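Welcome! Keep the sequence and the model open while you work.

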Amino acid sequence: MQFHQLQYFVAVAETRHFTRAADLVHVAQPSLSQQIKALERELGADLFLRARGNITLTDAGEALLPLARRILADADTARHEVLELVQLRQGRVRLGATPSLCTGLLPDVLRAFHDRYPGIRLLIEEGGSHDLVRELARGALDLALVVLPLPTPSPALTTVELLREDLVVVSSPDAPSPGRGRRTVRVADLEGERLVMFRHGYDLRELTVAACRAEGFEPDFAVEGGEMDAVLGFVRAGLGVAVVPRMVAARSGRGLRVTPLARPGLHRTIALAHRSDVAPPRAARELQRMLLER
C-alpha cells in the first residue's frame, strides 16, 4: 500500500468521479485508475462499485476511508511539525519597529532570540507607525512594533498591546535645567524652551506637538527633522531639549540630563502587530512570544 494510492482513493471517494479526482490530485485519469486497481489487488477487495455515471463505495471502501483519511492527516501533521522545526533552525524574521524601540526595547530581546535561534536571520526595518502598517499590509513584514492608536486603523491587522511607556525630557547637563531646576517638568514648562524635534511622520513628534497645543502654546523648534540618534546628539550638544521614551533615555549613557514629566505626564502605548489573514511564520511567532513575555 503506497501513500499516493491512499490519496487517490480518498479523492475518488470524496468526488465520486474518477476524472474530477484526477484533476484534484493533478494526475492523468488513467494513472489514477491504475493505482486504484493496484490498491484493490493488494487489499484483495473492490473499493468502488463502478456503474455508468455512478461511483459508490463498497463495504471495504467504507471501512478503508476513515483509516486512509487518518493516515493522510497524520502525514500532514508530521510534515508540518518537521517544517516548524526547520523554520527555527534557518530562515528569517522581518520585524518593523519605530527607531526609538530599536534603541530602547529591542536590543535585549533580539540578543536573547539570537542566542536561542542563531540560524534565524533578523531583518529589521525602522520607520514610523504609518509606514510600518503599510509594509505589513503589503506583506513586506512579518511583525511590527507600532504605537497605538494606529494613524489609520486597519481591520486587516491584529494588534496586541505590549507596554505603556512613560516619556521624559532630556537636556544637556551643561544647559539650564528645564522647569527651573524642579525634579519634574510639566508640559506647560516647555513653553519657551527650544525643542529638538523629530522628523514629520515620527510618532513622538505628533504626540509632543499635540501635548504642547493642548497646553495652549506652539512648540519652538531649535532644530527638527532628525531620527532618534540625531535628536539625542543635538540635545547633548546643547541645542535644545527633547521629549523621548524613558527606555531610550536610560540607554543613552552619559551626556544627558533626564527629567521626568509631572503627573499625569505623557505616555505612549506600544503594540505588536501582524496581518490578520496570514499566520506569521513559526520563527516570527517565537519572537512574538519572547516579546510578549519580556
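## Exercise 1: Two packed helices

Helix 2 (residues 18-25) packs against helix 3 (residues 29-43) at an angle of about 100°, and their axes are 9 Å apart. Axes here are lines fitted to C-alpha atoms, for helices over the stretch in contact, and angles run from 0 to 180 degrees between N-to-C directions. Helices (H or I, at least four residues) and strands (E, at least two) are DSSP runs, numbered from the N terminus.

Before going on, a word on the model. This is a predicted model, in which local features need pLDDT of at least 70, side-chain atom pairs count only at pLDDT 80 or more, and totals for chains, interfaces and linings use all residues. Residues are numbered from 1 along each chain as its sequence is written, and side-chain values use heavy atoms, with hydrogens and water left out.

**Task.** Describe how helix 2 is placed relative to helix 3, and name the residues that make the contact.

**Solution.** 
- Step 1: The angle makes helix 2 roughly perpendicular to helix 3 (under 35 degrees is roughly parallel, over 145 roughly antiparallel, 65 to 115 roughly perpendicular, and the rest oblique).
- Step 2: Helix 2 brings Phe18, Thr19, Ala21, Ala22 and Val25 to the contact, while helix 3 brings Gln29, Leu32, Ser33 and Ile36. Contact means heavy atoms within 4.5 Å.
- Step 3: Sorted by class, the contact of helix 2 with helix 3 has 6 nonpolar, 3 polar and no charged residues. Ala, Val, Leu, Ile, Met, Phe, Trp, Tyr, Cys and Pro count as nonpolar, Asp, Glu, Lys and Arg as charged, and the others, Gly among them, as polar.

## Exercise 2: A cavity and one of its lining residues

**Task.** How much space lies in the largest cavity, and which residues line it?

**Solution.** 
- Step 1: The structure has 1 cavity of 30 Å³ or more, and the largest cavity holds about 30 Å³ of space. On a 1 Å grid over the protein atoms alone, a cavity is a set of points where a 1.4 Å probe fits but cannot get out, and lining residues have an atom within 4 Å of a point. Grid points are joined across faces, edges and corners, and a volume is the space filled by probe spheres set on the points.
- Step 2: Leu195, Val196, Met197, Phe198, Thr208, Val241, Ala242 and Val243 form the lining.
- Step 3: Strand 7 (194-198) and strand 9 (242-245) are the elements that give two or more residues to this lining, and strand 7 provides the largest share, 4 residues.
- Step 4: By class, the lining has 7 nonpolar residues, 1 polar and no charged.
- Step 5: Now look at Val196 in strand 7. Val196 is buried, with a relative accessible area of 2%. Val196 and Val241 are 45 residues apart in sequence, yet their C-alpha atoms are 5.7 Å apart.

## Exercise 3: A residue in helix 1

**Task.** Is Gln5 buried or exposed, and which residues is Gln5 in contact with?

**Solution.** 
- Step 1: Gln5 lies in helix 1 (residues 3-15).
- Step 2: Its relative accessible area is 4%, so Gln5 is buried.
- Step 3: Neighbours within four places in sequence aside, Gln5 is in contact with Gln35, Ile36, Ala38, Leu39 and Glu42.

Conventions:
On a 1 Å grid over the protein atoms alone, a cavity is a set of points where a 1.4 Å probe fits but cannot get out, and a pocket is an open set with protein on both sides within 12 Å along at least five of seven lines; lining residues have an atom within 4 Å of a point. Buried means under 20% relative accessible area, exposed over 50%, partly exposed in between (1.4 Å probe, protein chains only).
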